[in-house]
Amino acid sequence: MISALLNYNYLQNAFMAAILASIACGILGTIIVEKKMVMMSGGIAHTAFGGIGLGYFLRVEPIYAALVFSLLSALSIARIQRQAQVMPDVLMGMFWPLGMALGILFIYLTPGYPPSMSSYLFGDILTVSRGDLLVMALLDILLILTIVGFYHLLQAYWFDEEFSMGLGLRVLLAEALTYAMIAVTVVVLIRVVGIILILALLCAPPAFAHFFRSDLSGIMGLSVMAGALICLGGLCLSYHYNIPSGAAIVILSVLVYTSTALCFRPGLHHPNK
Amino acid sequence: MTAGKMAVELENVSAGYGSITAVQGVNLAIEEGSFTGIIGPNGGGKSTILKLMLGLIQPWQGKVRIFGREPHYFRHLIGYVPQAASSNRQFPISVRQVVLQGRLAGSTPFFHRYHKWDHQIVERCLTRLDILDLANRQIGQLSGGQWQRVLIARALVVQPRILLLDEPTSGLDASSSSLVYELLQELNQELSIVMVTHDTIAISSCVKDIACINYTLHYHGEPDISPELVMQVYGCPVDLIAHGVPHRVLGQHGGMQ
């Protein structure tokens, strides 16, 4: 594998993609898990499929279309939820399939043979291009800058929205940033695990990290590392046994989490140490 | 009125959520330095009154004034202690980080960092509330009474002149509750306190005046409540006689003291 990694461009790209994906999934996954926004993120991920379809229809790079599309839908979901005071899972019950439906519709409307969607749905880390890597790296930088730059505001919003509003903090800005970052993370992860499998990679590393750390930034850091190991491990399995990479990564991530959860005994754990 | 400066004034205020009216035509004036208990049945609009004072919701009708101005103008003068049960205690955050959040204000700039004096104010508050040794604990590891103190500390580092508390002793045992009340009475030397509560002991032993809210304001004044008023507010007789409290006991049946 090491010699292959040195010799083959596509493997080098896959390696870089695994690292870049784990940065996004570790940081945002932590927020999603701790703020209990898992289903919300699943919904936003699936609206991205509408963007992929739109990209094919308009003949622009699907990943750019997905970025714009999921950003817009994430922000409108946030807006609708705030104004209409709907239950988030009801909203997700509609937006989740709506994204898929729009994707199917756009692909149907696109003239010519329908393209294969499986690499967007299930991911294919071995076909990541230099262009994809560039987009992923830029989006990662954007995510890190936003988190570091607005850390105190975001932390206050994630922890206690009502108190933050009482202080007069810009809660609407924090909310918009959080939703936009989820949309961006989805786009970073699409090429690696695909729309349908994204949730596992967003949940497993932070849930794993939560066993060992009890501060927000510590959990973020540990889940980035755990995510990187999981993605690289999945990549190895996929390369060696010639199995689909998205599936390998997701199965590995859930295995890592469940085996830790089973072996881990809370009585032996001192979060302060 | 010849009274002192008004900390909070509600003038014919109506408010609600969606199509539901929570409070209607409330007139309430709270003097600076007072300790007001807001009582009333569940769903009677007590929390709505607090949210109006905080400026979290806008009145449909009427005016809310904090020191004579709109609530958002004097946000930095209000310390808010939400219901302890409403917070996400699983969230990975330490006591110190929670309390520091009280030092954030208005538009936190990009790359905001806490100043040295922010940390000093937090240390002082934690010391005063006797929770400095818990500063680096994760909030999930605290007892109910300790968590309540953390919430009060976070409101105090705002350096407010009014403290608004939403049921500060719900879920606490008698000794933790009395610690909270002692603390509040001490704080009342320096600032005005408005507290939503169901606790009859608090009403009898620590508040200076009460406001009974059920859809509208039924009573505001000295905390001795007649059975007729209780019937009017709660719709049924409620035991408002405090048991085993050596301080002040509410008016007996027949108006005897």
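Guide: The part to begin with is an open sheet of three strands in chain B, which has the order 2-1-4 and antiparallel pairing. Strand 2 (20-31) and strand 4 (61-66) of chain B stand at the edges of this sheet, and because each has a single partner strand, one side of each is left without a neighbour in the sheet. From one strand to the next, the twist averages 20 degrees. Strand 1 (residues 6-17) of chain B is joined to strand 4 of chain B by five bridges, the two strands running antiparallel, and within this pairing L10(B) has V64(B), in strand 4 of chain B, as its bridge partner. Helix 1 (residues 46-54) of chain B packs on the sheet, where it touches strand 1, strand 2 and strand 4 of chain B, and the direction of this helix makes about 120 degrees with that of strand 1 of chain B.

All of this is read from a predicted model, so the confidence values belong beside the geometry. The mean pLDDT of chain B is 85, with 88% of its residues at 70 or more. Among the elements of chain B, the highest mean pLDDT, 96, belongs to helix 2 (residues 95-100) of chain B, and the lowest, 70, to helix 7 (residues 227-234) of chain B. Over residues 241-249 of chain B the pLDDT is below 50, and this stretch has 16 contacts in the model beyond near neighbours in sequence; over residues 251-257 of chain B the pLDDT is likewise below 50, with five contacts counted in that way. For the complex, the predictor gives an ipTM of 0.86 and a pTM of 0.89.

Strand 3 (residues 35-39) of chain B also deserves attention: five of its five residues are buried, so this strand is largely enclosed by the rest of the structure. F35(B), G37(B) and I39(B) point one way from strand 3 of chain B, while T36(B) and I38(B) point the other way, and all are buried. Four bridges join strand 3 of chain B to strand 7 (residues 192-196) of chain B, and these two run parallel; here F35(B) stands opposite I193(B) of strand 7. Another four bridges link strand 3 of chain B with strand 8 (residues 209-214) of chain B, again in parallel, and in that pairing the bridge partner of I38(B) is A211(B).

Leaving aside residues up to four places away in sequence, L20(A) touches L133(A), M136(A), A137(A), D140(A) and V188(A). The C-alpha atoms of L20(A) and L133(A) are separated by 8.0 Å, although these residues are 113 residues apart along the chain.

Note on methods:
Residues numbered from 1 in each chain as written. Chains lettered and ligands numbered in written order. Predicted model: local features only at pLDDT ≥ 70, side-chain atom pairs only at ≥ 80, totals over all residues. pLDDT = per-residue confidence, 0-100. Contact = placed C-beta atoms within 7 Å. Pairing = 2+ DSSP bridges. Axes fitted to C-alpha atoms, helices over the stretch in contact; angles between N-to-C directions. Buried ≥ 20, exposed ≤ 12 C-beta atoms within 10 Å, placed from the backbone.
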